[in-house]
Amino acid sequence: MALCAYGHSQNLSNFILKSRSIGNDHARRRTDSMMVKMVSSSSSTGAKAYEEGQLQMPKWAGQTPLSRLVQSIIAFKPLYSFLKLGARQVLIRTAEKKDIPWRELTREVLESDVYKELEIVQNSSVIYPDYYLNSFHAYDEGNLSWLAAAEAEPATMAMVRRAIPDASSLDEANRAMRGNWLQTIEQHHLQHSGNHVIKDILDVGCSVGISTRFLADKFPTAKVTGLDLSPYFLAVAQFKEKKVAPRQNPIKWIHANGEETGLPSKSFDLISFAAVLHECPERAIVGLLKEAFRVLRPGGTIALTDQAPRSKILQELSPVLFTLLKSTEPFLDEYYLTDLEGRLKEIGFVNIRNVLTDPRHMTVTATVPR
Ligand SMILES: C[S@@+](CC[C@H](N)C(=O)[O-])C[C@H]1O[C@@H](n2cnc3c(N)ncnc32)[C@H](O)[C@@H]1O
C-alpha cells in the first residue's frame, strides 16, 4: 500500500477542510477549532480519511467517571507496580512481533561507548521542573536514565507502527506519519509566513533525535537544533548522529528546559514539539508555548504534533490498553483537558490550524504575527 510520500509529496488536495472558528471556551473548543483531516492515499482504495470519533475526547481521559476509575486503580501502589510491569512487557512483546528488535537495539546502545557523550552534552546548571522527576513510561527514573534512553528508539518505532497499523513496514509507517506531519508544517509555513525562508529550526523535546533528523532531512539548508531535558537522551542522539553521513549543517544538541531555553529572542523560523506535550502538565505546556513565542521570529511557525483527542481509534481503545497507557503517562489527563488552540491564541499566535495527520495524531500549527 502506498502511503503519502515522506517529505516530498505536495499532495495537498488530500486535505478535507472543515472551517470553524477558534474559541477559548474549553467545552466548545473541539467543535470550534479549525479541524482539518489529512488523508492518506491507498493504491487499492483511493483516498481514505483518518477517522474522527463522535466524542470531544476519549471517555477514559479527562474528568469522566471512567477516567477517574482508571486513575484510582492506578493510584493503588501495588497494582500500579504490577500495571507498569505489564505495560512494559506488552510494549516489548508487541514491538518484537512487528519486527522491531527492541532488546537487540537496546543492548547495542547499552554496550556501546555512548556514555562518553554525556559529559559533552550535559549542562550541569539545568534545574529539572518537578513534573519531570516523575516516573514516566514505566521507568522509575522517568526520562533520566540510560535504560530509558537506550529504549527510546525502539519505543518510537513501536509508536509509529501503532499509528499506521496498515503499513507493511516501519519505513512505510514513517513515510505516512512523519511525511504527513512535515508536509503539514511546510504547507502552513508557505501559506502564512510571508515568504519567510526556514533558516533555523528548533526541535523541543527532541529525545534521541528521531524527529530532529526528520526535520533536518526535510529542510537540509536549515540549521537544526535539538533541545531536551534529558542529557541521557541527548547523549544517545549525538552518538547516533555521529554514526550517519556528515550533514551540510550538523545538528546541534542543547540540554535545557524548553520553558527557559536561554536562546536569543526571535532566533528561529520553525519550532517543533513532536510527542512532547502529552508528557507535560498544563502549566508546563503553557510555559513551553510562551517560550516558543519569544524565540520564534515574526512569521515563524510553531508545530505541535501529539495524540488527537478526536481520534476514533483512541476513543475506541480497549479498557486494558487505555489503563496500561494511563499507567505510564502521568499527565495524560491534563494534556487531554488542555485547550491547546485556545492557549496558543491567548499567547498571541495566529493562523491556528489543527490537522489529523494520522489515525491517532494531530498536528497543530500556528504563526507568530508579522
Ligand atoms: C516522547 S519524547 C519526544 C519524541 C521525539 N520528539 C520524536 O518525535 O521522536 C518527549 C520528550 O520531551 C522531553 N521533554 C519533556 N519536557 C520537556 C521540557 N520542559 N523541556 C525539554 N524537553 C522536555 C522529554 O525529555 C522527552 O525526551
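## Helices α6 and α9

In α6, Trp146, Ala148, Ala149, Ala150 and Ala152 meet Tyr232, Phe233, Ala235 and Val236 of α9, where contact requires C-beta atoms, placed from the backbone, to lie within 7 Å. By class, this contact of α6 with α9 has nine nonpolar, no polar and no charged residues (Ala, Val, Leu, Ile, Met, Phe, Trp, Tyr, Cys and Pro count as nonpolar, Asp, Glu, Lys and Arg as charged, and the others, Gly among them, as polar).

The model is predicted, with local features needing pLDDT of at least 70 and side-chain atom pairs counting only at pLDDT 80 or more, while totals for chains, interfaces and linings use all residues. Residues are numbered from 1 along each chain as its sequence is written.

## Helices α10 and α14

Ile285, Val286, Leu289, Lys290 and Phe293 in α10 meet Arg343, Leu344 and Ile347 in α14, and by class this contact of α10 with α14 has six nonpolar, no polar and two charged residues.

## Around the ligand

The ligand has 24 residues around it, of which Gly205, Ser207, Ser211, Gly258 and Ala274 come nearest; a residue counts as near if its C-beta atom, placed from the backbone, lies within 6 Å. The residues of this shell around the ligand divide into 13 nonpolar, eight polar and three charged.

At least two residues of the shell are supplied by each of α8 (210-218), β6 (223-228) and α10 (282-295), with helices (H or I, at least four residues) and strands (E, at least two) being DSSP runs numbered from the N terminus.

Methods
Contact = placed C-beta atoms within 7 Å.
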